[in-house]
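Okay, thanks everyone, let me get the viewer up.

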Amino acid sequence: MNRNPADLPKSTTPEERKNLIELGSKQKSAYNNPCIKEQELSFKCLDENNYDKTACEHIFANYSMCQKFWQRVKSDRKINQIRPELPWPEDRERIKKEYFKKWNL
């Protein structure tokens, strides 16, 4: 759900308001999308190649692998009752290394 900045409480600081908006965005938030970088690279590739999807297949494959990896992490954490299921952005690099080692990737 995207939040309109005008709908946010007036008492928040500009930084708090930015964080609330970012948390509310499903597509453009690193909090909700661990593959935001790969998503942006996909859009950039399409823009640079006149939306020729065949020219961007390798980038799409990387984006897809990223999504599958983090979905698997979320499933594993849910099964093991680890919260949050999707790790915070600042923890993801460490957790990514742990899962690569755990799954022999």
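This is a predicted model: local features need pLDDT of at least 70, side-chain atom pairs count only at pLDDT 80 or more; totals for chains, interfaces and linings use all residues.

The protein has four helices and zero strands, and reading along the sequence you get α-α-α-α. Of its 105 residues, 28% count as buried. If you take contacts between residues at least 6 apart in sequence, 36% of them join residues at least 24 apart.

Now, helix packing. Two packed helices are described by the angle between their axes and the distance between the axes. Let's do that for two pairs.

Pair one is H2, residues 36–48, with H3, residues 57–79. Their axes come within 9 Å and cross at roughly 160°. Angles over 145 degrees count as roughly antiparallel, so that's what H2 and H3 are to each other. The crossing of H2 past H3 is left-handed. Who's touching whom? On the H2 side it's Glu-38, Gln-39, Leu-41, Ser-42, Cys-45 and Leu-46, and on the H3 side Ile-59, Phe-60, Asn-62, Tyr-63 and Cys-66. By class, that contact has seven nonpolar, three polar and one charged residues.

Buried in H2 are Ile-36, Glu-38, Gln-39, Ser-42, Cys-45 and Leu-46, and H3 is part of what covers them. While you look at that pattern, remember that an α-helix has 3.6 residues a turn, so residues three or four places apart point the same way. After H2 comes Asn-50, with a positive phi near 50°.

Then there's the loop between H2 and H3, where I'd like to point out Lys-53. Is Lys-53 buried or exposed? Its relative accessibility is 59%, and the cut-off for exposed is over 50%, so Lys-53 counts as exposed. Still, if you leave aside neighbours within four places in sequence, Lys-53 is in contact with Leu-46 and Phe-60.

Pair two is H3 with H4, which is residues 92–102. Here the angle is about 85° and the axes are 11 Å apart, which means H3 is roughly perpendicular to H4. From H3 you have Phe-69, Trp-70, Val-73, Asp-76 and Arg-77, and they meet Arg-92, Ile-95, Lys-96, Tyr-99, Phe-100 and Lys-102 in H4. The class count for this contact is six nonpolar, no polar and five charged residues.

That leaves H3 itself. H3 has 23 residues and spans 33 Å from first C-alpha to last, close to the 33 Å expected at 1.5 Å a residue. Its buried residues are Ile-59, Tyr-63, Cys-66, Phe-69, Trp-70, Val-73, Asp-76 and Arg-77, and they pack against H2 and H4. H3 is followed by Gln-81, whose phi is positive too, near 55°.

Okay, that's my tour. Over to you.

Note on methods:
Residues are numbered from 1 along each chain as its sequence is written. Side-chain values use heavy atoms; hydrogens and water are left out. Axes are lines fitted to C-alpha atoms, for helices over the stretch in contact, and angles run from 0 to 180 degrees between N-to-C directions. Angles under 35 degrees count as roughly parallel, over 145 as roughly antiparallel, 65 to 115 as roughly perpendicular and the rest as oblique. A crossing is left-handed if the near helix is turned anticlockwise from the far one by less than a right angle, and right-handed if clockwise. Contact means heavy atoms within 4.5 Å. Ala, Val, Leu, Ile, Met, Phe, Trp, Tyr, Cys and Pro count as nonpolar, Asp, Glu, Lys and Arg as charged, and the others, Gly among them, as polar. Buried means under 20% relative accessible area, exposed over 50%, partly exposed in between (1.4 Å probe, protein chains only). The expected span of a helix is 1.5 Å times one less than its number of residues.
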